[in-house]
Amino acid sequence: MINSLKFRALSLLPFILISTLTCKETKENNLVHTKVSNSNCLPDANPYFLFLADIHLNTYSKDTNKGDDTGMNLWNASKQKIAAVLKQTPPPQFVIYTGDLPDHNPDSGKKHDTNISKVLTDLKQLVGKTPLFYAPGNNDALGGDYHTFTDNKGETPFSLVPSSLNYPAPNATMLSNPHPEYGYYSASPFPGLRIIAMNTIILGRDYFKDSHHEEYVPVDSKEKRRRSNTLMQWVGKELLAAQNSNEKAYLIMHIPPGTNAYSGNQMWESDSLLSVFRGYAKTYEKTITGIFYGHTHMDELRRIYDNDGQIQEIAISAPGISPNHGQNPGFKIVSYETKTFEPTDFITYYTKRTDTVWNNSNCYTFSGSYGATSSNIKDYLSTKPLDSVLKGMQKTYMVKNRSAGYDIGKGIEVK
């Protein structure tokens with residue numbers, strides 16, 4: 001389906017670095033970075049943000065069993081690690097969470113709602129006063145998996161927590177929220193950067209009516225097209241506004257464009273919407289300096305091409321905290337240039353599902369794994385041949401030292 005568009009998505013992955021650095025500080029560009037205690041990975045000298053996705057919490061399970069979602073043991077250990085990263089010097093400038101709050105049991109009524117409210121509450125407590133940006137995941141709707149963000153009672157996931165938590169973007173400055181019932185908005189952590197949070201569940205292959213724990217009835221195709229077009233038109237307006245204001249823009253989303261190596265299916269339903277997205281990537285190449293997503297649970301990167309075969313943007317994933325796809329739980333921090341906000345490097349932290357404490361030695365960086373010498377991730381990946389990228393992805397796709405059970409070559413470059 002995407003082949004006719006010459007849209008290319010590259011799922012690749014982080015990079016393995018286990019350095020022999022001892023616990024120390026590094027001083028560059030007037031910044032002082034201190035590691036999480038005894039960690040083997042250091043941020044570069046640039047500011048950075050914390051990037052999380054796919055927690056899939058089951059508060060009714062103490063343990064995290066093989067093939068299951070995040071039990072309380074893993075979540076408690078993860079919170080300790082996240083809190084330690086948030087206390088680093090300097091701390092992350094903001095936090096991005098690209099969706100999927102509860103476990104994969106969307107019809108469990110009260111349990112489903114309890115899991116959603118627990119993650120939303122815990123995330124806000126963890127970040128304190130740090131700006132937090134949330135993009136809806138397919139499991140987050142009250143009605144069930146891939147349901148509309150607002151149900152037929154007019155309630156959203158945010159209805160389950162106090163309004164004082166200020167979702168969807170606590171501690172940030174709201175810029176545009178024209179359709180809160182659809183779950184997308186734009187907000188800013190500080191002047192100069194606009195974060196455009198898309199609800200790409202609307203663009204996906206499945207999209208169900210506004211029901212509350214009821215049967216799965218697809219949204220009428222005409223209404224789905226209307227909502228999809230409204231979303232994409234709004235994204236265009238936001239990018240234009242960012243360009244006119246001399247701002248840079250990050251696009252954050254749950255379901256990315258391209259092919260899912262897990263299933264082999266195209267992520268978005270419409271060729272025309274992919275074409276619009278690629279057009280935005282080309283038109284606003286100097287404005288869009290980052291695209292971030294979740295959903296796949298793997299540590300991926302995707303290269304987005306225009307019709308002339310040129311790489312316009314790089315999309316970066318966060319691996320899932322939930323290990324139910326067989327990968328190790330993980331999350332990352334992403335460093336960025338102070339003026340352009342282009343990502344320069346990232347560190348992926350990971351653990352085993354049975355760990356009660358995250359091992360500080362379990363981490364790897366983009367620069368260390370690929371020997372990157374360019375000033376930012378986009379410049380480096382724009383010059384790399386596919387075979388070279390695949391070697392890195394094979395090593396780290398399932399968040400380091402897991403045997404890849406997926407055809408990760410499927411859809412890597414979609415023409």
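Author: What follows covers the cavities, then the pocket, then a sheet.

This is a predicted model, in which local features need pLDDT of at least 70 and side-chain atom pairs count only at pLDDT 80 or more, while totals for chains, interfaces and linings use all residues. Residues are numbered from 1 along each chain as its sequence is written, and side-chain values use heavy atoms, with hydrogens and water left out.

The structure holds 2 cavities of 30 Å³ or more. A cavity is a set of points, on a 1 Å grid over the protein atoms alone, where a 1.4 Å probe fits but cannot get out; lining residues have an atom within 4 Å of a point. Grid points are joined across faces, edges and corners, and a volume is the space filled by probe spheres set on the points.

The largest cavity has a volume of about 60 Å³. Its lining includes P136, G137, N138, H147, F149 and Y207. By class, the lining of the largest cavity has 6 nonpolar, 5 polar and 1 charged residues. Here Ala, Val, Leu, Ile, Met, Phe, Trp, Tyr, Cys and Pro count as nonpolar, Asp, Glu, Lys and Arg as charged, and the others, Gly among them, as polar.

The second largest cavity holds about 40 Å³ of space. It is lined by T289, G290, E313, I314, I316, E342, P343, I377 and K378. Two or more of these residues come from each of β10 (288–293), β12 (311–317) and α6 (377–381); β12 gives the most, with 3 residues. Helices (H or I, at least four residues) and strands (E, at least two) are DSSP runs, numbered from the N terminus. This lining divides into 4 nonpolar, 2 polar and 3 charged residues.

A pocket, by contrast, is an open set with protein on both sides within 12 Å along at least five of seven lines. The largest pocket has a volume of about 340 Å³. Of the 20 residues that line the largest pocket, N138, Y146, N260, S263 and H295 lie nearest its centre. The lining of the largest pocket counts 4 nonpolar, 12 polar and 4 charged residues.

Strand β4 (residues 95–97) runs parallel to β5 and is joined to β5 by 3 bridges; in β5, Y134 is the bridge partner of Y97.

Terms used. Two strands pair if DSSP finds at least two bridges between them.
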